[in-house]
Amino acid sequence: MRKIMMTAAVAALAIAATSYSASAAEKLKVGFIYLGPVGDLGWTYRHEVGRQEMVKELGDKVETTFLENVSEGPDSERSIEQLARSGHTLIFTTSFGYMDPTLKVAKKYPKIQFEHATGFKSAPNMGTYSGKFYEGRYIQGVIAGKMSKKGVLGYIASFPIPEVISGINATILGAQTVNPDIKVKVIWVNTWFDPGKEADAAKALADQGADVIMQHTDSPAPMQVAAQRGILAFGQDSDMIKFGPKTQLTSIIDNWGPYYTRQAKAALAGTWKAEDTWDGLKEKMVVMAPYTNMPDDVKALAAKTEAAIIAGTLHPFKCPVIGQDGKPVECKGANLEPGQILGMNFYVKGVDDKIPGK
Amino acid sequence: MGLLEAIFLSVIAASTPLLLAAAGELVAERSGVLNLGVEGMMIMGAACGFAGAYLTGSTLIGALFGIAAGAALSLVFAALTLGMAVNQVAAGLALTILGVGLSGLIGAGFVGEKIVPAPALYIPFLTGIPIVGRILFGQDGFVYFSVALVAGIWWFLYRTRAGLILRAVGDSHTSAHALGYPVLKIRLFAVLFGGGCAGLGGAFLPLAYTPFFIPGMTAGRGWIALALVVFSSWRPLRLVGGAYLFGAVTILQLHAQAFGLGIPSQLMSAMPYLATVIVLVLISRARGTAGSAAPASLGMVFVPDR
């Protein structure tokens, strides 16, 4: 109760100068920091969809603000603080690079509730959340292994952070279950978003014989290149079927709406706690787009793999996991520990690439 | 299609937006105006070019929309720097911020839409030449135009009286003014030309390169175009070489990675900028002998005495 009073008081203070009615002050003000433009069709777009779903669900109980195109790093601190100072009591910062700035602002404003996506640092008033995207990558690997005629996959990678590396590893592990000799060519483009460069990378991969393209960058450009070349591809972050009706096999869809709604409800009820949330296919934070452009047996295999991951009978990083050097990776349990996946900085056997900077 | 041919095709496509934008900026700078707003004008050209092509179904009209958008934005810059003698660096940076924001607003309704990309225009007989035929004569209209544009600029700057006057304005606006040339009017045309070229370079992206519009899709190409002008030491023919070199570095590093050559990709991504810095150093070391055509009054504000 006290928390609600505080929230209301802070909100009231913040909007005292404006013409809002008294009832408006009861609203929970929720702020979002976005990396790209809301129209990027990828990462930021999906967070925006999540925000809209939350607003739809909670109606006039919440009032939301978002700041888009906020650069990662120290500069984002001002934007986060701006939200904190303007009466927002629940703030989602939606990219890895906002981690330290969020932590700094969280320490300064202990009464405000922060949520940081895809990071690993937290505080009593700062929780973290992320999706187990590698689960989806594993399914894509299985599909790619079946669908690639040449046995060569093309992978457009952004930055060598654990999430991207674990995605590459999960893909090849999935592909190896159906084609032990599968090869993956990796191109690092050093950007999350540059349609031209992503397209160039897709062309380079196709020119060098890859016949299934997968990407860990945000624009639909690689999908379009694959469509032009008559090869297959996977979408990223959102359903990109529109850009490749005869090309997209499936896509990993980030589904933040239920989580944002749940956390806002908790904040409204005063039961919000800083937690480390890491949800996957089971909790529907990661959702697969319809399986398309593949024969029925591959479709069935993909669905079976998805069901097994949801049921917990299949783990993409089931021990033993063999490293690139041929030696098994240290294992404490039946599968790699969450920490090993969240901090992954090694390739598994079969990846024909070197991690940049290693 | 062989791998080599495919690489060359990609290189030319990657270089074309840089060449178009840089060619326009070169003319503006030769008249003495430093417009750092290339990125903003390009993204405006991309948004309006896509809008034009989407609404009319014509790549050509889209390209004209792009040119108009870039020129319109450069008019804002001209009004500030030529009309009100505002600092060119500050105005140029502001122009980029304005362009990025405005293009997002204009393009918002077009995000997620698709168009048919500009077709490759095959030239009878020439395209059929083995190996080089497809590379040189199997391109879209933008590519042919970009090369013709630079040739035209070279001819204008070095073979016409008007070009001589434009260069004179860039080298010493006071002398040109004393001789009775309308410095501000000449610069206005140069800035508008630069804006139109940047708009066309931006429009190339959604019309031919990646046929959709997304805010921020120029992704820093305007800055590379600016670096390219310096790299070419303000000479149009060197600009062509520079643009294709920058494009080649981008494409070859992607292929090198796919081949698994183990060249650090971060280093390769930084190459265009590194090369520009080296050229700048060379220019200042060998002043007069390196053949730099840096305009002497570049970036300086000119207020005519009345």
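Domain bounds here come from an automatic or database domain assignment. On that basis I noted that chain A is divided into domain 1 (2–131) and domain 2 (133–254 + 285–314). This is a predicted model, in which local features need pLDDT of at least 70 and side-chain atom pairs count only at pLDDT 80 or more, while totals for chains, interfaces and linings use all residues. Residues are numbered from 1 along each chain as its sequence is written, and chains are lettered from A and ligands numbered from 1 in the order in which they are written.

**Entry: the two domains of chain A**

I looked up the separation of the domains of chain A and found 32 Å between the C-alpha centres of domain 1 and domain 2. I then counted contacts (C-beta atoms, placed from the backbone, within 7 Å). In chain A, 10 residues of domain 1 touch 13 residues of domain 2. On the domain 1 side, the largest share, three residues, belongs to helix α2 (residues 43–58) of chain A. Helices (H or I, at least four residues) and strands (E, at least two) are DSSP runs, numbered from the N terminus.

**Entry: chain A against chain B**

I recorded 33 residues from chain A and 33 residues from chain B in the contact. On the chain A side, β7 (183–188), α7 (195–207) and α8 (221–229) each give two or more residues. The largest share, 10 residues, comes from α7(A).

**Entry: helix α6 of chain A**

I checked burial next (buried: 20 or more other C-beta atoms within 10 Å of the residue's own; exposed: 12 or fewer; partly exposed: in between; C-beta atoms placed from the backbone). In α6(A), 12 of the 15 residues are buried, so the helix is largely enclosed by the rest of the structure. Among the buried residues are Val164(A), Asn169(A) and Leu173(A). Their cover includes α5 (133–147), β6 (152–157), β7, β8 (212–215) and α11 (338–342) of chain A.

**Entry: backbone exceptions**

Most residues other than glycine have a negative phi, and most peptide bonds are trans. I noted a cis peptide bond between Cys319(A) and Pro320(A), with omega about 0°. Thr118(A), not a glycine, has a positive phi of about 65°; Thr118(A) is buried, with 22 other C-beta atoms within 10 Å. Ala85(B) also has a positive phi, about 55°, and counts as partly exposed, with 13 C-beta neighbours inside 10 Å.

Conventions. Contact = placed C-beta atoms within 7 Å.
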